[in-house]
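I opened this entry to keep track of what I looked up, one topic at a time. The model comes first, then my notes.

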Amino acid sequence: MDGSGYQPYSKAERLLNLLMALRSTRTGLDRDQIRAQVRGYRPEASGEAFERMFERDKDELRSMGIPITTVLDATGNVTGYRIEGSWELPPLALDPAELAILSVAARAWQSTDLAPAALHALRKVETSLGVQAPPASQPVAGMSSDSPGLRTLLQACSTRTAVRFGYRKDAARPREVRHVQPWGLVWWRAHWYLVGHDLDRSGQRVFRASRIEGEVHQQGPSGSYEVPDGFDPRDAVGRFTRDDEVRLQVALAPGRGAALRRGGQDLGPRNGWDVVELVVPDVASGVARVLGSGSGGRVTGPAVAVAEAGRQLDAILSAAASAPARAGRASTPDRPGAALAQFSRLLALVPWLAANSGVSLEAAAAHFGISVAQLVADLSSVITSGPDDWTLFDIQYWENGGVIDVIDALHLARPLALTPDEALSLLIALQALAALPGPQDRAALGRVVAKLRDLMGSGAPDPEALAVRVDLPDEVVQPVDQALAQGRALELVYLGAVRDEVTRRTVDPVGIVVVDGYGYLRAHCRSAAAMRLFRVDRVLAATVSSLPAETIPDGAAEAVEPMAVSLAGTGRQVVIDVSPDGRWILDRHPVTRTWPLAQGWVRAELPVGEYAWARDLVLGSGGVAVLREPDWLAEDVVRLARELHPADGDVW
């Protein structure tokens with residue numbers, strides 16, 4: 001409570017109060033009534049401040065599928081707002097096999113903005129069915145949404161509506177305005193790609209969604225064009241690098257650069273170096289890949305690529321030479337939409353507790369994937385919301401030894417309908433499951449997809465507009481399947497990315513999963529005596545061993561780590577400064593703390609498995625990231641940048 005006597009409310013609590021106020025009125029509430037009755041709008045705020053906050057709140061509730069209606073009088077003037085129509089989850093009949101598939105899909109979005117949406121959707125379905133989904137035994141890990149315009153693009157693909165957006169192919173090029181007829185969206189190798197007809201260039205093009213800047217605007221009527229017969233967006237994304245290919249010549253130190261050698265053509269030794277030719281999608285990204293490979297590689301041709309290497313290394317050296325900017329207050333990173341995520345959880349929490357009265361605080365917190373302290377805070381929010389305390393949800397938990405007894409669920413006995421993001425997150429994850437080999441029930445998966453589309457109704461995307469592509473070569477998948485069927489171990493020849501070395505491993509396979517859009521073999525590594533993920537495209541050879549598979553220690557098979565080691569347990573961290581153009585780094589990697597800097601830069605603390613990973617990340621960043629700590633590693637970046645810089649008079 002502040003000096004004015006006003007009790008502050010969180011945004012999630014304010015949204016809950018607004019929802020219940022609009023649901024409780026038949027004639028509608030005008031803005032003055034909303035400001036006076038809904039707890040959470042500060043009474044001393046200016047009229048303009050209230051208007052802005054209310055408009056945002058109203059739009060966000062509508063974006064979650066809550067049918068807020070604007071009430072008009074006979075002359076067309078706005079007299080108020082109310083909720084009309086159903087806002088509860090319609091019946092969704094799922095058998096145990098279908099619910100198990102949905103449970104796997106809901107856990108696909110790990111550490112991303114759609115992770116809460118998918119989990120909340122599962123909780124709503126569980127509450128509606130009155131049962132709890134089984135634990136996901138075969139998780140699909142690490143998908144993400146790297147474009148805020150994803151939903152708009154998907155809608156445009158489904159309705160055949162042209163779009164306009166700003167696009168920057170790479171940091172070295174100016175932003176361009178593109179006019180496109182969208183054909184389809186594909187999740188491939190950690191990124192979303194839009195495939196369509198580029199009206200400015202009169203041909204099919206592929207656009208990485210994360211390089212779209214600003215809002216995506218739909219233009220013109222729906223149904224204004226046709227998608228070619230037989231078009232498959234997965235095939236289009238797979239071959240676009242061949243359409244726009246660029247060839248780089250790269251010199252590698254003897255015995256180094258195993259990953260670059262594997263993907264390149266050997267041109268023989270020259271001046272004590274091994275020269276290979278690489279095919280890359282564009283000059284800037286190809287050069288960044290070479291500089292960030294950790295191989296000590298030098299770009300030697302063509303001339304435009306050598307110049308680009310010099311430009312990127314100059315940017316790295318210039319950024320490193322700048323004095324560290326003064327940082328603002330440190331903060332723990334928060335996911336975008338955290339308030340909406342909490343609000344969605346509050347709406348799912350009440351009906352679930354009503355259906356599970358007598359559950360302990362610990363069990364309820366575990367069910368929602370939050371701490372007991374957060375659960376208690378959530379319970380405090382719902383029981384003190386509504387027009388007066390205890391008018392929304394009447395419970396008792398503080399006198400029963402931590403057992404939650406529901407006295408009256410009052411106005412929230414049924415779960416809210418799935419929001420567009422919740423339904424979409426499940427649908428995309430189900431398509432990712434369909435792209436994987438393995439023992440999952442294909443018939444049940446198909447039934448769940450059909451039922452989810454029926455639930456979404458007209459909001460469901462065109463089945464041809466959305467695809468997930470996972471590249472899984474038969475020469476790896478077949479030995480894995482054979483080893484699992486025969487109960488045998490696997491012998492792997494594996495190319496490690498961070499240490500730039502080829503190793504031989506004996507592993508006990510568990511299955512293939514997806515992490516960040518890449519296929520991974522999930523297995524127990526005997527040399528490490530722990531679970532590991534081996535990226536499929538780095539497996540140089542896989543053969544079924546004559547050794548029987550060993551029993552994996554209890555609990556180890558359930559552990560899925562997004563990296564070969566648990567970052568939190570290494571005790572290693574680095575501090576980097578990231579420019580606005582480099583914010584993708586913070587989206588793609590775990591961050592423990594951030595500090596705001598001037599001109600949109602951010603200082604971030606990242607846990608790392610190997611310091612070499614952070615060094616190579618900065619060398620391949622083109623100057624959008626500056627390594628600040630530890631000092632010795634920052635000095636190593638500068639030393640390598642100078643060594644790799646193309647010098648005048650170099651002859652290759």
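**Salt bridges**

I started in helix H5 (residues 115-129), where Arg123 and Glu126 both lie, three residues apart, about one turn of the helix. The two form a salt bridge, and their closest N and O atoms are 3.1 Å apart. I noted that this is a predicted model. Are Arg123 and Glu126 buried or exposed? Arg123 is buried, because its relative accessible area is 5%. Glu126 counts as buried too, at 2% relative accessibility.

Next I looked up Asp508. Asp508 forms a salt bridge with Arg526, with the closest N and O atoms 2.9 Å apart. Asp508 lies in strand E16 (residues 501-515), and Arg526 lies in the loop between strand E17 (518-525) and strand E18 (530-535), so the pair ties together parts 18 residues apart in sequence. Asp508 has a relative accessible area of 1% and is therefore buried. Arg526 has 23%, so I logged Arg526 as partly exposed.

Then I checked for shared partners. Salt bridges that share partners join Arg615, Asp616, Asp636, Arg639 and Glu643 into one network.

How many salt bridges does the structure hold? I wrote down 30. One of them joins Arg31 to Glu55, with the closest N and O atoms 2.3 Å apart. This pair links distant parts of the chain: Arg31 sits in helix H2 (residues 31-37) and Glu55 in helix H3 (residues 47-63), 24 residues apart. Arg31 counts as partly exposed, at 21% relative accessibility. The cut-off for buried is under 20%, so Arg31 does not count as buried. Glu55 is partly exposed as well, with a relative accessible area of 26%.

**Aromatic rings**

I turned to the rings. The structure holds 11 aromatic pairs. In one of them, the rings of Tyr41 and Phe50 have their centres 5.1 Å apart and their planes at 80°, so I logged the pair as edge-to-face. Both Tyr41 and Phe50 are buried.

Tyr167 and Phe207 came next. Their ring centres are 5.2 Å apart and their planes stand at 90°, so this pair is edge-to-face. Tyr167 lies in strand E3 (residues 162-167) and Phe207 in strand E6 (residues 203-208), so the pair ties together parts 40 residues apart in sequence. Tyr167 is buried, and Phe207 is buried.

Which residues do ring pairs link into a cluster? I listed Tyr41, Phe50, Phe54 and Tyr81.

I also looked up a charge over a ring. The charged end of Arg298 sits over the ring of Trp273, 6.0 Å from the ring centre.

**A hairpin**

Tyr81 took me to a strand pair. Strand E1 (residues 68-72) and strand E2 (residues 78-83) run antiparallel, and five bridges join them. Thr70 stands opposite Tyr81 in E2. Five residues lie between the strands of this hairpin, and Gly76 takes a positive phi near 90°.

**Strand E4**

I looked up two residues here. Gln181 lies in strand E4 (residues 176-188). Gln181 is buried, because its relative accessible area is 18%. Leaving aside residues up to four places away in sequence, Gln181 touches Ala162, Gly196, His197, Leu199 and Tyr225.

Val177 lies in strand E4. Is Val177 buried or partly exposed? Val177 is partly exposed, because its relative accessible area is 43%. Not counting residues up to four places away in sequence, Val177 touches Arg164, Phe165, Gly166 and Asp200. Val177 and Ile212 are 35 residues apart in sequence and 9.6 Å apart in space, C-alpha to C-alpha.

**Helix H11**

Val350 has its place in helix H11 (residues 338-355). Val350 counts as buried, because its relative accessibility is 0%. From Val350 to Val406 I noted 56 residues in sequence and 9.1 Å in space, C-alpha to C-alpha.

**Whole chain**

The secondary structure comes to 19 helices and 23 strands. The chain has 652 residues, of which 49% count as buried. Of the contacts with a separation of 6 or more, 65% are between residues 24 or more positions apart. The accessible surface comes to about 29300 Å², and 50% of that belongs to carbon and sulfur atoms.

Technical notes:
Residues numbered from 1 in each chain as written. Predicted model: local features only at pLDDT ≥ 70, side-chain atom pairs only at ≥ 80, totals over all residues. Heavy atoms only, no water. Helix = DSSP H or I, 4+ residues; strand = E, 2+ residues; numbered from the N terminus. Buried < 20%, exposed > 50% of the residue type's maximum accessible area, 1.4 Å probe, protein only. Pairing = 2+ DSSP bridges. Contact = heavy atoms within 4.5 Å. Areas by Shrake-Rupley, 256 points an atom, 1.4 Å probe, with all protein chains shown as cover. Salt bridge = Lys/Arg side-chain N within 4 Å of Asp/Glu carboxyl O. Phe/Tyr/Trp six-rings, centres within 6.5 Å; stacked < 30°, edge-to-face > 60°. Lys NZ or Arg CZ within 6 Å of the ring centre and 35° of its normal.
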